Amino acid sequence: MLRLPKSLSKFVTGQRSLPLRQLHARSSRRRSHPKNDDEDKILRRQENREAHLHLYKSRGQHILTNPRVLDSIVRKSHIKPTDTVLEIGPGTGNLTLRLLEAAKYVVAVEIDKRMVEVLHKRVAERGLQNRLSVICNDALKTEFPQFDLVVANIPYGISSPLVAKLVYGANPFRSATLLLQKEFARRLLANPGDSEFNRLAVNVKLVADVEFSMDVSKRDFVPCPKVDSSVVIIRPKAEIPDVNLDEWWAFTRTCFGKKNKTLGATFKQKRKLLDLLKLSTKTCSSSESAASDHNCDHSNKAARATDDEGDTDETEYSLSICLDTRMSMFREKVLGVLNSGSFEDKRPSKLSNEELLHLLALFNQAGVYFHDHSKPRDEDSVELAAVLSL
């Protein structure tokens with residue numbers, strides 16, 4: 001009999017403590033026709049458990065209990081007998097047990113030690129413990145081992161950074177079948193012109209194809225969440241565009257800050273132009289940028305010389321003239337890029353990835369950059385969690 005700590009049976013304000021039998025999904029076929037006496041005993045023990053387990057909605061702990069939905073997720077994942085499957089947030093193991101029946105090996109990442117205890121004992125009762133590895137840690141901070149597929153009921157609160165970690169991560173995989181909040185799934189599936197289309201869809205679709213699989217009712221979970229869910233399948237592309245990802249992420253962040261604003265209006269903002277000028281000056285090695293810096297160096301030297309003589313007003317005036325001149329030239333360059341590609345009156349929310357890639361290429365060719373290339377590459381990795389944000 002599975003015995004849990006007494007603390008697990010206490011109530012937490014606003015939460016409900018649930019019998020384990022409510023959390024463990026099994027098909028009616030198996031209940032009615034157990035394979036043997038041993039399995040029948042195991043099922044009876046599970047039915048008779050009196051222990052309770054707390055689920056925290058604030059942590060996204062919603063256990064999928066509908067056996068038909070669980071079986072459908074496994075079926076749609078097209079798992080091969082030789083596959084290693086990565087599962088994130090296995091909970092009490094309803095999906096895990098089905099994955100173990102279909103795959104060669106399962107790696108489950110679970111942050112809640114209570115869930116890990118339940119998962120280990122349920123798997124051991126089936127004699128499948130040698131085919132399961134459980135990593136008790138935060139999935140966002142864990143280095144995943146090699147795997148072939150991802151099949152998971154993703155906690156809603158980490159959907160965006162976790163999808164980013166998967167599609168932009170170093171581990172190659174065949175597909176990811178993910179159960180997500182319905183609204184989040186719609187954003188992943190959105191196309192240019194759709195009201196949901198934003199930076200999330202743009203960044204994911206650069207490197208992967210996203211397919212809708214099915215909707216899942218909130219009534220299929222315990223405890224019942226406030227919203228319905230959807231299953232999507234993400235398949236990494238065999239070939240991705242030859243683009244600097246740091247540039248791409250920074251560029252899409254600029255464009256989709258106000259996705260329904262025209263690009264002309266976005267790039268005419270003085271603060272935006274000044275930020276881009278600073279970045280482009282660090283990165284660009286074109287003769288035009290070098291000449292501009294050379295002129296400013298002369299102006300700065302002259303300013304320092306007059307400053308030595310105590311003429312601070314003339315110094316400030318000289319620096320102001322230099323900056324205004326550079327800003328004016330840079331503004332004309334940016335608007336020239338937009339006009340050359342007929343982008344000035346277009347809105348990011350209606351542009352395809354191909355059009356956005358073309359615009360970024362035009363900017364870079366003109367010496368306009370969106371990312372600070374002076375930063376070491378690994379410093380930007382900490383921003384990956386925000387790559388797919390709105």
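A polar contact is a pair of N or O atoms within 3.5 Å; within protein, one must be able to donate a hydrogen and the other to accept it, and residues adjacent in sequence count only if both atoms are side-chain atoms. In this predicted model, local features need pLDDT of at least 70 and side-chain atom pairs pLDDT 80 or more, whereas totals for chains, interfaces and linings use all residues. Residues are numbered from 1 along each chain as its sequence is written, and side-chain values use heavy atoms, with hydrogens and water left out.

The side chain of H62 comes to 2.9 Å from the backbone oxygen of P223. H62 sits in the loop that runs between β2 (52–54) and β3 (63–64). Relative accessible area sorts residues into buried (under 20%), exposed (over 50%) and partly exposed (in between), using a 1.4 Å probe and protein chains only.

| Residue | Relative accessible area | Class |
|---|---|---|
| H62 | 12% | buried |
| C136 | 37% | partly exposed |
| C224 | 37% | partly exposed |

The whole structure contains 0 disulfides, a disulfide being a pair of cysteine sulfur atoms within 2.5 Å.

The chain holds 15 helices and 11 strands; these are DSSP runs numbered from the N terminus, helices being H or I of at least four residues and strands E of at least two. Of its 390 residues, 49% are buried. Contacts are heavy atoms within 4.5 Å; among those between residues at least 6 apart in sequence, 74% join residues at least 24 apart. Carbon and sulfur atoms account for 49% of an accessible surface of about 19800 Å², computed by the Shrake-Rupley method with a 1.4 Å probe; for residues, only the protein chains shown count as cover.
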